[in-house]
Amino acid sequence: DWTMSGFIDAVIKDCQETVGPEGNVVCGLSGGIDSTVVAVLLNQAIGHRLHCIFVDNGLMRQNEVEEVSSYLREHFDLNLTVVDARDRFLSKLEGVEDPEEKRKIIGYEFIEVFDAEAARIENVKFLAQGTLYPDVIESISHKGPSAVIKSHHNVGGLPEDMELELIEPLRELFKDEVRKVAIELGMPDSVVWRHPFPGPGLAIRIIGEITDERLTILRKADKIVQNELTASGWYRKVWQGFAVLLPLKTVGVMGDGRTYENVIALRIVDSVDAMTADWARLPSELLEKISSRIINEVVGVNRVVYDISSKPPSTIEWE
Ligand code: XMP
């Protein structure tokens, strides 16, 4: 008879045995549920011998890094270092438009920054990761470049010369089970029901070149999407919902004047596992509210469109 608290106790005990009485563990935090649950479990197992590293790549959403890091420190007493690598990532991405190129740069820089930070900690023996059962299966079955549609770096993107052993406390769990663990650990809805957010962050939601100005526009628009989905109760009903900034300007009219500004696309989908997805049939009043708020409140946007494509043949993200 399997219970959640029994599972948690067993995992904690298991981690204690694996790590042993001395030596440190590093863990990369992203703000997502998987890495957060791993960090909290390990923190309960070995305390501050767990060193969590949050790489701020400059591609997170508005206030996300501050909110996530202060919450984790205050509520779970995590030993957490935020590395401000914003300039480094953004300068490497300057002028880059190709989606796979963006992913490669971000994946590579992440490893460099994480590696350098981990190297500052003495006697590190393990790297903790939030690998889930479906990740394990996917990384076994999708070998070879022909299977790669978009190069994710959730599994297998580790620095090779780090020689750390992996700890993957969630590798037998599905997502819904991780949510149950998170609830049992006392995490709030904002963590438990948080939509997936891609490793490359806003870089793959800004189509074309990433600039400070375009990041600011997308952050403001996305905040409105998140707030309105939450306020209307739709956040929990959809798989993922976000804004995308398009690389084109269109004509609009304001008062007596003509405007020539950016377009925001709304991508809001239903799915069970992200392998297939369909556009969410949101009430038109909600779409109207999101659209008018973005156009009125976000300087530089004069048009909002709704993405009505399913996956396949489209994908959830635009890049
Ligand atoms: P697509 O766009 O392939 O996305 O339909 C499926 C799911 O994966 C997320 N996604 C990523 N996650 N690194 C990640 O960690 C990535 O490069 C990446 N690309 C897409 C996407 O948000 C969706 O949940």
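**Close-up views of the predicted model**

View 1. Two residues are in contact if their C-beta atoms, placed from the backbone, lie within 7 Å. Residues 153-158 also have pLDDT under 50, with 11 contacts beyond four places in sequence. Where pLDDT is low, the predicted coordinates should not be read in detail. For the protein chain, the mean pLDDT is 93, and 92% of residues reach 70 or more. This is a predicted model, in which local features need pLDDT of at least 70 and side-chain atom pairs count only at pLDDT 80 or more, while totals for chains, interfaces and linings use all residues. Residues are numbered from 1 along each chain as its sequence is written.

**View 2. Packing of helices α1 and α2.** Helix α1 (residues 4-19) packs against helix α2 (residues 33-46) at an angle of about 65 degrees, and their axes are 9 Å apart. Helices are DSSP runs (H or I, at least four residues), numbered from the N terminus; axes are lines fitted to C-alpha atoms over the stretch in contact, and angles run from 0 to 180 degrees between N-to-C directions. On the α1 side, the contributing residues include Ile8, Val11 and Ile12; on the α2 side, they include Leu41, Leu42 and Ala45.

**View 3. The two assigned domains.** An automatic or database domain assignment gives domain 1 (4-192) and domain 2 (205-306). Their centres, taken over C-alpha atoms, are separated by 28 Å. Domain 1 contributes 6 residues to the contact, and domain 2 contributes 6 residues.

Conventions
pLDDT = per-residue confidence, 0-100. Helix = DSSP H or I, 4+ residues; strand = E, 2+ residues; numbered from the N terminus.
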